[in-house]
Amino acid sequence: MEKERTEHKFESRRQALIMTGIVLAAALLFLYSFLGGNKKENQPVTRSDFSLDTFITVTLYDTEDTSILDGCMELCQDYEKLFSKTIEGSDIYRINHREPGQRRITVAPETAELIEKGLFYSRLSEGAFDITIAPLSELWDFTGEENKVPEEAAIREAVSKVDYQRVRVSGREIELSDDEVQLDLGAIAKGYIGDRMKEYLQSRGVKSAVLNLGGNVLCIGEQPSGKPFNIGLRKPFGARYEQAAVLRITGLSVVSSGVYERNFQKDGINYHHILNPKDGYPYQNGLTDVTIISELSVDGDGLSTTCFSLGLEKGMELADSLDGVYGFFITEDGEIHYSKGAKDLLANQRK
């Protein structure tokens with residue numbers, strides 16, 4: 001029954017995101033025209049696919065070699081087969097469906113590295129971000145037809161199973177303290193995979209490209225014209241391409257975590273996918289979006305969720321304490337709050 005429910009949730013989200021992806025692909029072609037491309041030289045090549053429970057698009061501006069796109073997408077699929085919690089045989093699936101009493105599982109080096117990175121942000125946030133949130137996240141369905149809040153008793157039971165301190169990594173071996181621990185790397189895996197895809201493209205000589213992994217945007221270099229890429233900061237609850245600001249990005253990652261994508265309204269409350277591991281309910285802290293600009297997308301992934309979870313004051317303190325990290329925090333009143341140096345990335349002020 002649980003498997004059928006999971007498959008239904010996945011298929012509903014898949015169909016919705018396929019339609020989003022079609023619109024996104026068209027928008028990217030428009031973006032290239034806006035950037036000043038022409039049809040005779042530097043014609044971009046683009047590939048879109050449904051993967052990682054989202055629609056991903058890779059656009060190359062300085063080559064027309066489509067075999068590079070093939071290799072990039074294959075790499076993405078290979079990593080999904082390692083990190084997905086729903087694909088049978090993946091490392092995370094094997095961890096979450098281990099035999100009772102089994103405490104140690106050997107995984108791929110990449111999986112161990114990603115889990116260790118997730119534990120780092122779990123410790124940094126003191127559990128406000130927690131990669132063992134799977135028992136809790138499984139209760140909530142933000143993409144299905146039923147807008148239903150789980151029973152309070154079920155939430156309390158799930159919360160009791162969430163604790164990142166029950167997980168240890170030793171080389172390729174993952175040690176779990178009991179049978180109840182389950183992992184969900186959805187809040188950090190896209191960033192890690194995006195970084196690996198970026199490395200692959202660079203190894204093939206690509207010097208100008210944009211990767212969009214549904215909330216994670218990675219830039220390689222700059223536009224063929226020599227100018228930074230213009231990356232829109234989406235306006236929470238606005239139209240899909242309505243922007244709160246435009247960022248000028250060269251070679252960096254842009255990652256957003258917000259309350260307006262996977263969400264539903266019930267009894268005047270916005271229930272969204274960023275869950276508080278301490279009480280089991282979506283965070284209600286006055287923030288609607290946190291966007292992090294960083295060199296590595298895996299750090300942007302971990303920090304966008306962590307900073308959102310910590311709230312405006314503590315999240316801003318964390319962003320300000322880290323070199324090479326820039327944060328944009330949007331509050332419910334629509335105001336943008338900037339960490340140190342973040343305003344320097346603005347192409348124009350918010351309208």
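Reply: In this predicted model, threonine 288 lies in strand 13, which covers residues 287-294. Is this residue buried or exposed? Threonine 288 has a relative accessible area of 7%, and because buried means under 20%, threonine 288 counts as buried. Residues up to four places away in sequence are left aside in listing what threonine 288 touches. Its contacts are then Pro236, Phe237, Ser257, Gly258, Val259, Tyr260, Phe308, Ile330, Thr331 and Glu332.

Aspartate 53 belongs to the loop between strand 1 (45-51) and strand 2 (54-60). Its relative accessible area is 26%, so aspartate 53 is partly exposed. Although aspartate 53 is not a glycine, its phi is positive, at about 60°. Glutamate 126 is found in the loop between helix 4 (109-124) and helix 5 (134-137). With a relative accessible area of 66%, glutamate 126 is exposed. Its phi is also positive, near 55°, and glutamate 126 is a residue other than glycine.

Helix 4 leads on to a sheet. This open sheet has three strands in the order 3-5-4, with antiparallel pairing. Strand 3 (104-106) and strand 4 (167-170) stand at the edges with a single partner strand each, so one side of each has no neighbour in the sheet. On average, neighbouring strands of this sheet are turned by 20° against each other, direction ignored. Four bridges join strand 4 to strand 5 (residues 173-176) in the antiparallel sense. Valine 169 has isoleucine 174, in strand 5, as its bridge partner. Helix 4 packs on the sheet and touches strand 4 and strand 5; the direction of helix 4 makes about 135° with that of strand 4.

Key. Residues are numbered from 1 along each chain as its sequence is written. This is a predicted model: local features need pLDDT of at least 70, side-chain atom pairs count only at pLDDT 80 or more; totals for chains, interfaces and linings use all residues. Side-chain values use heavy atoms; hydrogens and water are left out. Helices (H or I, at least four residues) and strands (E, at least two) are DSSP runs, numbered from the N terminus. Buried means under 20% relative accessible area, exposed over 50%, partly exposed in between (1.4 Å probe, protein chains only). Contact means heavy atoms within 4.5 Å. Two strands pair if DSSP finds at least two bridges between them. Axes are lines fitted to C-alpha atoms, for helices over the stretch in contact, and angles run from 0 to 180 degrees between N-to-C directions.
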